[in-house]
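This briefing concerns aromatic residues and nonpolar packing in one protein model. Please consult the sequence and structure shown here before reading the points that follow.

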Amino acid sequence: MSKDAVKSAQTGSRTGAATTPVDAGDAGYSKDLKARHVNMIAIGGAIGTGLFLGAGGRLHDAGPALALAYLVCGVFAFFVVRALGELVLYRPSSGSFVSYAREFLGEKGAYVAGWMYFLNWSTTGIADITAIALYTHYWSLFTDIPQWTLALIALAVVLAVNLISVKYFGEMEFWFAIIKVATLVGFMLIGIFLLATRHEVGGGTPGLGVITDNGGVLPHGLMPVVLVMQGVIFAYAALELVGVAAGETAEPEKVVPRAVNSIMWRVGLFYVGSVVLLALLLPGSVYSADESPFVTVLSKIGVPAAGDVMNLVVLTAAMSSLNSGLYSTGRILRSMAMAGSAPKFTARMNRSQVPYGGILLTCAVCVLGVGLNYLMPSRAFEIVLNIAALGVISTWVIIMVCHLVFVRRARADLLVRPSFRLAGSPATEITTIAFLLACLGMMWNDPEVGRRTLLLIPVIAVLLVGGWFGIRRRVARAADQEPAGSTG
């Protein structure tokens, strides 16, 4: 444990469990997010490009066993969100896990957590604008427009939307999520109807025969399923948004448990259920990384307009994911800036109480993604998806480590755990961390993209160490200026 964490523990011992630290980065926010906003953000943030676009290429590579990969990763994703939910009820914060890392792991922990999360969402933003460009190219009207141009337009539109007050952000995300959930439900109803009536799909009859006649559950063996795991983890990457959003809701103690508990069955229904249906309707070889698998199915049943409608919906999903990424990084960077570990301008807020400085910084990185779409339009999505996986995995590992320290302090009577808890500590956290690190190691088996991504880890580590030595004095000054009771 770091010196900062030890100091915090000693402070807790003197003041007792009744004293809860505060985060200077939480000041100035409105509390305009309602229960329905947080509930839909919790599930809507996860239903995005990872499912709507990414599932196509993964079905092609891994076959029907992809459903099992979604289920396994979904269980561990639930553990992470449940742990985060417990920390949120202990102390709601818009700085979320960065604020908890500051309290339980010290400033170095918060610094690493924050910048790896920024890496996650800035590269996810690139994936989202790439997906938007790919979706738009589905229509012949836009085919001649370069992919990078469409990506730049999408980024500009979502930036403008995100600078509105949090109330309007919550409302837009609510309706975005409603559209995504309603679309998935609609597709599943159509898929069940096609199965029940044995309606021809793409020249074949849907059912178990589609799987058994095309290589079975593992048409290409087990290794492709293992290789797609990090991509599946990416599909769940936005689930931690519920922790950030809790800092801007009036009653987190009521809202968060309901939102977190609903995640597990929704994962089983939407992710696993939709992938099973896709596998029963068409062979995996028919799906493509360049087209949403839902669009593929609807186009094959002879109703072209249905494919157009679905494509519009998945375009909305990608816009929603990008919007959520800008929202969360803006709040995380502000928490870091108030502690001295992010540029000062990222702490700035506009009149609508939106931290626009951090949002603009994330957008600046996404502009680099526009360049990637210009240079490598065919590989842009897969490249940034793998880099984002590094940020996702590191974020979730840090959440679980924070929870381990949190539980240890609770057992030492330094603080009080809420009644809403992650069960099975410390075995649950350790197993989850081991699984996440194993997913990271699996990337080595993909020499084209995954292995090159892992080789970036030493580069990222050097940048983080160099950055820390560059800002550590500023962090120390910020800590000296914090009022009594602040974290860190």
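The structure, a predicted model, holds 13 aromatic pairs. One of these pairs joins Tyr70 and Tyr271 in a tilted arrangement, with 5.5 Å from centre to centre and 40° between the planes. Tyr70 belongs to helix α5 (residues 66–90) and Tyr271 to helix α13 (residues 252–281), so their pairing ties together parts that are 201 residues apart in sequence.

**Aromatic cluster**
- Both Tyr70 and Tyr271 are buried.
- Tyr236 and Tyr271 also form a tilted pair, because their ring centres lie 4.7 Å apart and their planes stand at 45°.
- This pair links distant parts of the chain, 35 residues apart: Tyr236 is in the loop between α11 (229–235) and α12 (241–245), and Tyr271 is in helix α13.
- Tyr236, like Tyr271, is buried.
- One aromatic cluster is formed by Tyr70, Tyr236 and Tyr271.

**Nonpolar cores**
- The largest nonpolar core comprises 144 residues, of which Tyr70, Phe104, Ile233, Tyr236 and Trp396 touch the most other members.
- Helix α6 (residues 96–136) supplies the largest share of this core, with 18 residues.
- Another core, of five residues, lies apart from it and includes Ile126, Ala127, Val384 and Ala388.

**Surroundings of Tyr70**
- Beyond its neighbours within four places in sequence, Tyr70 is in contact with several residues, among them Gly50, Leu51, Ala55, Arg58, Val232 and Ala235.
- The contacts of Tyr70 also include Tyr236, Tyr271, Val272 and Val275.

**Charge over a ring**
- Arg82 places its charged end over the ring of Phe420, 3.9 Å from the ring centre.

Key:
Residues numbered from 1 in each chain as written. Predicted model: local features only at pLDDT ≥ 70, side-chain atom pairs only at ≥ 80, totals over all residues. Heavy atoms only, no water. Core = buried A, V, L, I, M, F, W, Y, C linked by side-chain atoms within 4.5 Å. Buried < 20%, exposed > 50% of the residue type's maximum accessible area, 1.4 Å probe, protein only. Helix = DSSP H or I, 4+ residues; strand = E, 2+ residues; numbered from the N terminus. Contact = heavy atoms within 4.5 Å. Phe/Tyr/Trp six-rings, centres within 6.5 Å; stacked < 30°, edge-to-face > 60°. Lys NZ or Arg CZ within 6 Å of the ring centre and 35° of its normal.
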